[in-house]
Amino acid sequence: MKNIYDIINEKYDTMSKKHKELAEFIRLNPDRVAFMNVKEISTNTSVSEPTIIRFAYALGFDGFRSFSKALQDGVKAKLTTLQRFNRFDTYTDDDLIHAALKNDLKDINTMLNEIDTKLLIDASVSIKNCRNIYILGSRSSYYLAGYLNFYLNLISLNSNLLQIGPTETMEQLINATDKDVLIAISFPRYTKRSSKVVEFAVSKNIKIISITDGLNSPIAKLSNIVLQSPMTMTSYIDSLVAPLALINALLLTIGKEMEIDIKGYFKELEDIWHEYDIFEK
C-alpha cells in the first residue's frame, strides 16, 4: 500500500489550483495537518471544506476520515517523544484528561465497527493448531506481549515470550519451523529490531500474525494475518487500551475454539489453586 505522500506526489501535476494549494500545505505541515479536522484545515488555508473533502476522494479515499487516518499513519512513526509531548503542551489538566479518555473510547468504537472477525477466527485456529507460539513485542508493546503470553500459557498452549536483545531474539527462533507461529506486536514508533526479527521469522517460513495499527505498519507487510487496532497518541503516552481489547478478543476466540480441550484443564487448575490456598477468599 502506497504512502499518502507518494500518492499526492504522483497526482500533483494533474490537480486543480486549489488542490495543489492544499497539497503544498500538507507537504509543508505534515505533523500539524495530520491531526486537524476539516474546519481547522480550511481555516488555515484558503481552501473550502467541500474542496478538502473532494481532495480526499480525488486521492482515492472514501472520505475525510480515511484520508486523515492515512495522514496520521504517515507521521506517527516519525514523531519524536518531544514532538508528541509538544502537541498537547497548551492543554489544561482537564482538557488532557478528557482527551486521553475520549481517544481511548474513539479507538475502541472504531475497532468495534471495523474489526474483521474472520481474520480473528483464522488467527485463533492457527494459534490453536501450531506446535509452538512465539510472541514478540518491543518497548511498551512488550507488556502487551507478556499479557498475551500469560493467558496463552494459562490455557495450556506452548507459548514463549521472546526476550529482546541484539541477537538473542533470533537465537530463540533458531529451531522454529513452519509448524510454529510468531505473534508480532508493534505500534508507533516502530522499532527496527521488531522488523528484523519478523524478517528472520519469514526466512524460516514461520507463520506471522501481527497485531498493529494498520496495513502500512512495517511488520504488517511481512505478515500472513494482520489484526488491526487503532492507537491514538495522547502526548508522550502510547495508549494500549484498544490493542489490549483486541488481544482480549483474540484470547476469547482462541478459548472458544479450544472449549472442550480446556474445560478439564481449568477444572484441574481450580483444584490445585484450592488445595494450595492460592487466592484470597
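## What counts as a salt bridge

A salt bridge here is a side-chain nitrogen of Lys or Arg within 4 Å of a carboxyl oxygen of Asp or Glu. Keep in mind that the model is a predicted one. Searching the whole structure turns up six salt bridges, and three of them are walked through below.

## K18 and E21

Another bridge joins the side chains of K18 and E21, with 3.5 Å from N to O. This pair sits in helix α2 (residues 17–28), and because K18 and E21 are three residues apart, about one helical turn separates them.

As for accessibility, K18 is partly exposed at 35%, and E21 is partly exposed too, at 31%.

## R65 and E114

Which helices does the pair R65 and E114 tie together? First, the contact itself: their side chains meet in a salt bridge at 3.6 Å, N to O. R65 is in helix α6 (residues 64–76) and E114 is in helix α8 (residues 93–114), so the bridge links parts that lie 49 residues apart in sequence.

Both ends are out in the open: R65 is exposed at 54% relative accessibility, and E114 is exposed at 53%.

Notes: Residues are numbered from 1 along each chain as its sequence is written. This is a predicted model: local features need pLDDT of at least 70, side-chain atom pairs count only at pLDDT 80 or more; totals for chains, interfaces and linings use all residues. Side-chain values use heavy atoms; hydrogens and water are left out. Helices (H or I, at least four residues) and strands (E, at least two) are DSSP runs, numbered from the N terminus. Buried means under 20% relative accessible area, exposed over 50%, partly exposed in between (1.4 Å probe, protein chains only).
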